[in-house]
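User: Please take a close look at the aromatic side chains of this model and at their surroundings. I would like one connected account.

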Amino acid sequence: MGAWLVRLTRNDGIWVLVIGASWLLAGFDLISPRMQAGDAALFWAPNAIIAVALLRRMGAARTQAMFCLVALAAAAISGSFTSHSSALGWATLGIGNVFEAWLIAYVAHRFGGPSFSFHRPRMAVVWMSGVLAATTVSMLYAFGCARVGLSDVTFPDWPESALSWILGDGAPHLTLGAL
């Protein structure tokens, strides 16, 4: 009993608060601006925040799971409040975003080791490659969810809207992730 409990450090608690707050604020378009309602965000910061948190805690699976659950809950809550649609649809998109962040953290850890640092040019290339691959996978997942009816997100002007998704998710990883 209690083996499933996660023991948080103070920094982990701060990460949980920052992850939850960033997803809630972005869901209400307070920190992630859009050109028009319904468009992909121009700068989706929550993915970059959770990617850095996951990278910092790569060896702690339970802590990572908690980060992901907080992000999914915040995505479902903010999405259902702002669009008055299903929380399940927004949680489904949250799964794609969380997977994107995890994939970037995994690639960085796998090819950069536990002491990942942008001080080496190779690591910057690893990070950018991971960002490009992960944001493309996330966009394809969201497109698939939209096609089968799991999500209300649309891609009206294909491929411009798909590229907007990739760049809107990728820009924060390239700027905030490097901090």
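Analyst: F81 belongs to helix α3, which covers residues 61-83. In this predicted model, F81 has a relative accessible area of 57% and is exposed, because the cut-off for that class is over 50%. Together with L24, F28 and I77, F81 makes a nonpolar surface patch of about 380 Å².

The ring pairs come next. A pair of aromatic rings is described by the distance of the centres and the angle of the planes. The count of aromatic pairs comes to three. One of them joins W23 and W44: the centres are 5.9 Å apart and the planes stand at 85°, an edge-to-face arrangement. W23 lies in helix α1 (residues 10-27), whereas W44 lies in the loop between α1 and α2 (45-56), so this pair ties together parts that are 21 residues apart in sequence. Both W23 and W44 are buried.

Another aromatic pair is formed by W102 and Y106, which are stacked, with 5.2 Å from centre to centre and 15° between the planes. These two residues are four apart in helix α4 (residues 87-112), and W102 and Y106 are therefore separated by about one helical turn. Their accessibility can be stated for each residue. W102 has a relative accessible area of 30% and is partly exposed. Y106 also counts as partly exposed, at 37% relative accessibility. Ring pairs link W102 and Y106 with F99 into a cluster.

A contact between a charge and a ring involves R110 and F111. The charged end of R110 sits over the ring of F111, at 5.3 Å from the ring centre.

The interior remains to be described. In soluble globular proteins, nonpolar side chains tend to be buried together. Here the largest nonpolar core has 32 residues, and W23, already described as the partner of W44, is among those that touch the most other members. Helix α4 gives the largest share, seven residues.

Notes:
Residues numbered from 1 in each chain as written. Predicted model: local features only at pLDDT ≥ 70, side-chain atom pairs only at ≥ 80, totals over all residues. Heavy atoms only, no water. Patch = residues over 30% accessible without salt bridge, like charges linked within 9 Å, V, L, I, M, F, W, Y side chains within 5 Å. Areas by Shrake-Rupley, 256 points an atom, 1.4 Å probe, with all protein chains shown as cover. Salt bridge = Lys/Arg side-chain N within 4 Å of Asp/Glu carboxyl O. Buried < 20%, exposed > 50% of the residue type's maximum accessible area, 1.4 Å probe, protein only. Phe/Tyr/Trp six-rings, centres within 6.5 Å; stacked < 30°, edge-to-face > 60°. Lys NZ or Arg CZ within 6 Å of the ring centre and 35° of its normal. Core = buried A, V, L, I, M, F, W, Y, C linked by side-chain atoms within 4.5 Å.
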